[in-house]
Amino acid sequence: MNGWTALDRFLKTDPRDVGCGEAIELLHVYAELAATDASAARRYPGIAAHLAACGPCGEDFEGLLAAIRGPAL
Amino acid sequence: MAPADPTADGICPAPRLDPGSDQWVQVLSGAGPQREAALARLHDLLLRIARGELQRRGSRLRLTGPELDDLAYQAAADALLAIVAKLGQFRGESKFTTWAYKFVILEVSAKIGRHFWANPGVPMDVEDWERLPDRFGLDPARETERRELAGAVRRAVDEHLTPRQRQIFVAIVLNGVPMDALVGELGTTRNAIYKTMFDARRKLRDTLAAQGYLSDQTSRHA
């Protein structure tokens, strides 16, 4: 990937993107669904679009997923 | 940013709580020694999740052992307070523990963001546009292309972004300030910063596409 392609990828926005507020509001629902089956992105396309574009929310999602999948507490 | 589509990502009616979640809610809603014991147990769970999350993010953090553990304790304590305050908002859409873990993960992120300013590296208002090509992985040997990219983006930023969009673009893209670090510095929210960047990205892309640098499918340099 050259610099222009990387820039283009960074600048592209997804109109389905719901933003941080709604993504975080439903993050526990989305993460639990994602941990158990593959339908999370289909059921919540706006959240999936946001998590793919927003580094901090994506990081929080990965962290919550790791917590759910972690050793039984 | 498009408005949220309630039919696409909306919340379904709250289901009945699973037995484990129901027990958490009942005990935490009560009083006396049982509640105290549940609070202590929940704090232990949150502390364990906070430590695990800090370990997971470890190599990207500029924190060491004692600082990491302090941050884990702070995140667990603040998450516990938030959970107790918002217990009435738990609707049973997930397990109680999943809902609770979200609070501590968010606290960890917020505290890492605040910690950034202990050693920021670059002042937020410095503008070094020669760094821009590096942000997008452009080979240092391709000098002409680097100058063209930096120049085109800088002109688009100067001519088309609002002062607020420009401030946030420079901080995040040029200076590498994490979004969560900007939240406290600018006295705003992650959502507001993301929305500002979202609009700035769209505006810059439209501008660069109109000037022939980018197209809908591929860039002319791809």
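Start with one residue: is Arg69(A) buried or exposed? With 11 C-beta neighbours inside 10 Å, Arg69(A) counts as exposed. Here is the scale, with C-beta atoms placed from the backbone: buried is 20 or more other C-beta atoms within 10 Å, exposed is 12 or fewer, and partly exposed is in between. Arg69(A) sits in helix 6 of chain A.

Some ground rules. This is a predicted model, where local features need pLDDT of at least 70, side-chain atom pairs count only at pLDDT 80 or more, and totals for chains, interfaces and linings use all residues. Residues are numbered from 1 along each chain as its sequence is written, while chains are lettered from A and ligands numbered from 1 in the order in which they are written.

On confidence, the model scores ipTM 0.93 and pTM 0.88. Chain B averages a pLDDT of 88, and 89% of its residues score at least 70. That score is the predictor's confidence in each residue, from 0 to 100. Two stretches of chain B fall below 50. One is residues 1-8, which has 14 contacts in the model beyond near neighbours in sequence. The other is residues 218-222, also with 14 contacts beyond near neighbours. By contact I mean C-beta atoms, placed from the backbone, within 7 Å.

Now chain A. It has six helices and zero strands. Helices are DSSP runs of H or I, at least four residues; strands are runs of E, at least two; both are numbered from the N terminus. The C-alpha atoms of chain A fill a box of roughly 45 × 20 × 20 Å along the principal axes. Of its 73 residues, 52% are buried. Among its contacts between residues at least 6 apart in sequence, 67% join residues at least 24 apart.

Back to helix 6 of chain A, residues 55-69. Several of its residues are buried, including Cys57(A), Phe61(A), Leu64(A) and Ala67(A).

Next, the interface. Here, 43 residues of chain A are in contact with 45 residues of chain B. Helix 6 of chain A gives the most to chain A's side, with nine residues. By type, that side divides into 24 nonpolar, eleven polar and eight charged. Nonpolar here means Ala, Val, Leu, Ile, Met, Phe, Trp, Tyr, Cys and Pro; charged means Asp, Glu, Lys and Arg; the others, Gly among them, are polar.

On to chain B. There are ten helices and zero strands. Of its 222 residues, 32% count as buried. The chain is divided into domain 1 (18-118) and domain 2 (129-210). Those bounds come from an automatic or database domain assignment. The domain centres, taken over C-alpha atoms, are 34 Å apart. Seven residues of domain 1 are in contact with six residues of domain 2. The domain 1 side of that contact has four nonpolar, two polar and one charged.

What about the core? In soluble globular proteins, nonpolar side chains tend to be buried together. A nonpolar core here is a set of buried Ala, Val, Leu, Ile, Met, Phe, Trp, Tyr and Cys residues joined through C-beta atoms within 7 Å. The largest one has 79 residues, and Ala23(A), Tyr30(A), Leu46(B), Ala50(B) and Val104(B) have the most contacts inside it. Its largest share, ten residues, comes from helix 5 (residues 96-115) of chain B. Each of domain 1 and domain 2 of chain B supplies at least three residues. Leaving out residues up to four places away in sequence, Ala50(B) touches Ala72(B), Ala75(B), Ala76(B), Val104(B) and Val108(B).

Last stop: Trp99(B), in helix 5 of chain B. Why does Trp99(B) count as buried? Because 24 other C-beta atoms lie within 10 Å. Ile83(B) is 16 residues from Trp99(B) in sequence and 8.8 Å away in space, C-alpha to C-alpha.
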